[in-house]
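Take them one point at a time and find each residue as you go.

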Amino acid sequence: MKKFEFFNEICYSRRTLMRLYIKYGLVCVLSAVCAGSLVAGITLGAMHHNNSHGKGGLDSPRTAEGFSSFSTDAESHAVSDDFQGAEQDSELSYISYRIKKGDMIGFIASDFGVTQDTIISVNNIKASRLIQPGQYLKIPSMPGILYTVRTGKEDVTAIAEKYKVDALKCASVNNVSLDEPLSEGRTIFVPDAELDWVTRQEINGDLFKKPLQSRYYYSSWYGWRKNPFDASKRTFHAGIDMACPAGTKIYAALAGTVVKSGWSDVYGNYVVVRHHSGYESLYGHMSERTAWVGQNVTTSTVLGKVGSTGLSTGPHLHFTVYKNGRTVNPANLWK
């Protein structure tokens with residue numbers, strides 16, 4: 001009887017052990033699955049973090065299929081799978097970047113290893129302050145600017161010398177020989193080249209200083225408006241009106257030479273200053289003029305004082321900027 005009971009006890013212990021082995025085996029399998037999932041999650045998270053680093057970000061995945069590809073007129077280039085991998089001396093490729101809220105051209109350029117000039121030139125940006133979230137930018141795989149050939153006699157060697165860059169690299173990027181004549185109107189990419197300082201300041205709105213250095217307010221902007229003397233009409237206002245107390249000092253907005261100083265039935269007492277690069281600026285409705293024709297001026301030179309002469313409804317400065325004889329919006333050019 002005891003042997004039978006002992007046998008039953010042994011059999012029971014073996015069944016128990018078998019169940020425990022199965023139970024522990026399932027626990028181990030489940031633990032391994034969970035551990036694998038955790039590792040995979042951490043890895044994917046790290047990959048996502050690396051791909052989204054920096055200001056803004058790509059709107060599409062970092063694969064060749066996800067990017068919009070672009071090319072210069074010189075040659076069409078495939079988009080690489082990895083931006084960093086495309087950055088080689090003789091290979092030019094582009095990716096598409098969607099501007100995010102808070103982005104600035106300088107930050108975007110830094111994130112992609114290019115210059116502000118590169119992004120401005122490649123995207124033909126005329127006013128950097130006007131870029132908007134949601135717009136797309138072309139980002140090349142190396143710093144440089146686009147250049148449009150002006151005459152049929154230009155070649156890569158001459159263009160590289162103009163911008164003080166490596167001619168061999170320029171030829172390689174554009175798949176041309178050093179002395180090959182380039183057709184007029186053709187656009188090439190000039191690696192490592194920069195915009196001239198005037199163009200850069202124009203685009204960034206840093207060329208002119210505001211001509212009033214004391215308190216004022218804008219009473220009329222550049223563009224179409226109701227005529228202040230006949231509300232039934234709309235007329236084009238070719239400058240910006242800055243209202244302030246009579247007698248406020250007016251300064252030159254950019255260094256240059258006074259080419260006109262006189263009277264106009266429209267602008268009353270006015271002064272015109274000629275600057276570099278085809279620019280001129282006009283200052284109207286002065287109560288008095290203190291600048292004379294032929295005088296060289298700087299941004300610290302007083303040209304006159306605010307008044308209400310000519311066609312005017314009250315004391316203010318009328319400020320106009322001309323580029324090659326045509327008016328442009330001063331608000332896009334001053335600091």
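1. Glu 288 has a relative accessibility of 36%, so it counts as partly exposed. Keep in mind throughout that this is a predicted model.

2. What does Glu 288 pair with in a salt bridge? Its partner is Lys 305, and the N to O distance is 4.0 Å. This pair ties together distant parts of the chain: Lys 305 sits in strand 14 (residues 302-306), Glu 288 sits in strand 12 (residues 279-289), and the two are 17 residues apart. Lys 305 has a relative accessible area of 28%, so it is partly exposed too.

3. How many salt bridges does a search of the whole structure find? The count is eight. Another one to look up joins the side chains of Glu 280 and Arg 274, with 2.8 Å from N to O. Arg 274 comes out at 46% relative accessibility, and therefore goes down as partly exposed.

4. Now for a nonpolar patch on the surface. Which residues form it? They are Phe 229, Val 266 and Leu 311, and together they have about 290 Å² of accessible area. To find Phe 229, go to the loop between strand 6 (223-227) and strand 7 (230-237). Phe 229 has 48% relative accessibility, so it is partly exposed.

5. Asn 175 has a positive phi of about 55°, even though it is not a glycine. You'll find Asn 175 in the loop between helix 6 (167-174) and strand 4 (187-191). With a relative accessible area of 55%, Asn 175 is over the 50% cut-off, so it is exposed.

6. The other one is Asn 324. Its phi is near 55°, again a positive value in a residue other than glycine. Where is Asn 324? It lies in the loop between strand 15 (316-323) and strand 16 (326-328). Asn 324 has a relative accessible area of 58%, which means that it is exposed.

7. On to a pair of helices. When two helices pack, we describe them by the angle between their axes and the distance between the axes. For helix 5 (residues 156-163) and helix 6, the axes come within 9 Å and cross at roughly 125°. That angle makes helix 5 oblique to helix 6. Is the crossing left-handed or right-handed? For helix 5 and helix 6, the crossing is right-handed.

8. Last stop: Ser 261, which you can find in strand 10 (residues 256-264). Its relative accessible area is 23%, so Ser 261 is partly exposed. How far is its C-alpha atom from that of Val 273? The two C-alpha atoms are separated by 9.0 Å, while the residues are 12 apart along the chain.

How values were computed
Residues numbered from 1 in each chain as written. Predicted model: local features only at pLDDT ≥ 70, side-chain atom pairs only at ≥ 80, totals over all residues. Heavy atoms only, no water. Patch = residues over 30% accessible without salt bridge, like charges linked within 9 Å, V, L, I, M, F, W, Y side chains within 5 Å. Areas by Shrake-Rupley, 256 points an atom, 1.4 Å probe, with all protein chains shown as cover. Helix = DSSP H or I, 4+ residues; strand = E, 2+ residues; numbered from the N terminus. Buried < 20%, exposed > 50% of the residue type's maximum accessible area, 1.4 Å probe, protein only. Axes fitted to C-alpha atoms, helices over the stretch in contact; angles between N-to-C directions. Parallel < 35°, antiparallel > 145°, perpendicular 65-115°, else oblique. Left-handed = near helix turned anticlockwise from the far one by under 90°.
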